[in-house]
There are 2 protein chains.
Amino acid sequence: MNRLLQDLRIVEISAFVAAPLGGMTMAQMGADVIRIDPIGGGIDYARWPVTRDGASLYWAGLNKAKRSLALALDKPEGREIARAVITAPGAAGGILLTNLPPPRGLDFAALKKARDDLIMLRLVGNRDGSAAVDYTVNAASGFPLVTGQAGAPVNHVLPAWDIAAGLYLATGLLAAERHRSRTGQGQEVVAALSDMMLATLGNLGYIGDVQVNGTARPAIGNDLYGSFGRDFATADGRRVIIIALTRRQWRAIGDATGLRDRLAMIGPMMDVDLDTEAGRYEARDAIGAVLARWCASHTSSEISQAFTDSGVLWGHFQDFLQLVRSDPRCSEANPLFALVDQPGIGRYLMPGLPMDFSAEPRGPTRPAPRLGEHTDAVLAEVLGLSSAEIGRLHDERIVGGPGGR
Amino acid sequence: MNRLLQDLRIVEISAFVAAPLGGMTMAQMGADVIRIDPIGGGIDYARWPVTRDGASLYWAGLNKAKRSLALALDKPEGREIARAVITAPGAAGGILLTNLPPPRGLDFAALKKARDDLIMLRLVGNRDGSAAVDYTVNAASGFPLVTGQAGAPVNHVLPAWDIAAGLYLATGLLAAERHRSRTGQGQEVVAALSDMMLATLGNLGYIGDVQVNGTARPAIGNDLYGSFGRDFATADGRRVIIIALTRRQWRAIGDATGLRDRLAMIGPMMDVDLDTEAGRYEARDAIGAVLARWCASHTSSEISQAFTDSGVLWGHFQDFLQLVRSDPRCSEANPLFALVDQPGIGRYLMPGLPMDFSAEPRGPTRPAPRLGEHTDAVLAEVLGLSSAEIGRLHDERIVGGPGGR
């Protein structure tokens, strides 16, 4: 994390991926991000993957560098504390990020009464308020039906809509805070997860394709739509992907494999110009046939040797185990990563923010909090409560500390 | 688009998805985003999907609301104009967003000489400078090998890493500009596409899973990992996805289908607690068997009737044609969308920014520019060139206007 946003205080009432990722991105740039959870944890507190003891690696991953405040949100006094923390004074406070239905008294109108310049970012499922999550939004998106070979839908495993939503929220938060710092005006920013999907579909040209052309992109397995890209088996049983988006990349394939003359035969044979993307797409099966034989007769390391520094755009497929255990990018050799002790889990490789800011050096990577770890600190610092008052709140189970204290 | 960022001027030298999406997100919040392209268009100018005339719906989708400046970047005078536009004075100018190798003289050090507080955001493939694109990064991510059924890798179709990268860049841009507005200091922000993937893998807990547990998430088709979620065929040949992340959602399935008692038999039968996510995951095949028969004996509209307002988290699978032609969310009934005339293509449904800001009403959706449409305007406004000077630059083919003028 760096300290770019170190004056900002953001409260998060969240679960799962989107809002937690948005908040974590702010925390990784130095903002004080206070995640409020029910005592005992929210609905994502045990989400998989988990350790053998049931500690969530997922929760730890999405809440790094935040502070944790555990409150009895089912009790009026718990909600009152949440309201006070969200709306506490300070030029760079008064920001709430949420992807959960607001607990009573914590909607925008109510919070704005306590702090007029409040900024509240709220992710909903559908714009009409009906529920939608990454899985259902993805089913509606059309993508599962063009993933893999035609036939049954294939869901993505990466929660891509949630990730986009989290990063849109981070962008929206900074835009709204910029506006407030110039005008003094807060606002509510509302975004629907299904709109993130619909906007992306339009941005990539798929809506225009249907409305202007009356057609839609078909399922073409792992082939690259509108250009050349395909996966191939190697002599030693691995798989590689080879891509040619540009003419330079296309020519590099011929040079690096020694197949230039054979590949050149495909142009006249298929009556296409292989220097164009459309020509390579049209001739993809012929190109694939030539390259498949070459790959099948070379080992993965021979292919690597032939392609390195050749200008060929390519890569190995690898599984999670191979990636984590043998890809040097996934190690402490990459400044993105540090070995960090995560309370309740142990020491493992954690990423920081995937951006390097030259004016703000990358500081230490901070783990996720234990649930309720910062309850006392937040109550004292932000609300100015005394130890006696904090003790009473614990005794009455209005707040929770680490270890269910 | 709204006017939240209307004082910002951002220059983009870009191609494909990531930097164009980042820049477009800024433009959709009112920033003046000037995309510089070579005369005749960059390497993404004909990217699919395209119209029958070859106009790129993809390019139009990713460059909405920007201005287009066409320059001979292969000539010193063309690069000099780019440098001058990027580093032109003004408190909220001096921001360059790029995902291409910098043309000579347009690297950070050179630009900083012309404007000391320059902010430059630069997306690279790998951190070491080697090439990587969404397709190769995805191959390395491990996700293709757990998508669909185990066996051959299945690539995603949504360029999810590029989309994440574009939105990280948007966030980084606003953070760097916030820092500059407080300190006067510019900076270079460098991000690697492969780091976006690695960070996401860590954020979701997959790196910890390998390092702490020594295991990795397997390929489980469309099942939801660690909870219950599966797709089912309906009596009329459609498919639906049904999810139960929370206990409430789980119980709603039993109530809405009338299968509560039968589903309750699964707990003792499989010796699991179905009120937990882990229990439902363990028993997913038994749950799936009961639900599959129910779905197969109900039509899609019967299922819709049973599930609407029932608390069940579910959705239909639909293809791009169904989505665009019959999903009301993908229509002018959704304020996200407007019918817009795109020069060279025609009138079709275009999304704006997928966020609503209460303090800044959603303004009209602006189409993408024609290539070079704003060349003259940018040269006059930003650089103060006279018509005579602009005429000479056209005559000498240093700059290009719309229609190759």
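1. A:Asp7 and B:Arg178 are joined in a salt bridge, with their closest N and O atoms 3.0 Å apart. The term denotes a side-chain nitrogen of Lys or Arg within 4 Å of a carboxyl oxygen of Asp or Glu. Between chain A and chain B the count is 9 salt bridges.

2. The model is predicted, and local features need pLDDT of at least 70, while side-chain atom pairs count only at pLDDT 80 or more and totals for chains, interfaces and linings use all residues. Residues are numbered from 1 along each chain, chains are lettered from A in the order in which they are written, and side-chain values use heavy atoms, without hydrogens and water.

3. Contact (heavy atoms within 4.5 Å) links 142 residues of chain A with 142 residues of chain B. On the side of chain A that touches chain B, helix H6 (residues 160-183) supplies the largest share, 18 residues. That side divides into 84 nonpolar, 37 polar and 21 charged residues.

4. About 12,200 Å² is buried between chain A and chain B, and carbon and sulfur atoms give 68% of this area. Buried area is the accessible area (1.4 Å probe) that two parts lose on being put together, summed over both. In chain A, the residues that lose the most area to chain B are A:Trp48, A:Arg178 and A:Phe320, together 7% of what that side buries.

5. A strand pairing (at least two bridges found by DSSP) also connects the chains: strand E12 (residues 356-357) of chain A runs antiparallel to strand E6 (residues 187-192) of chain B, over 2 bridges. Within this topic, A:Asp356 stands opposite B:Val190 in E6(B). Helices (H or I, at least four residues) and strands (E, at least two) are DSSP runs, numbered from the N terminus.

Key
Nonpolar A, V, L, I, M, F, W, Y, C, P; charged D, E, K, R; others polar.
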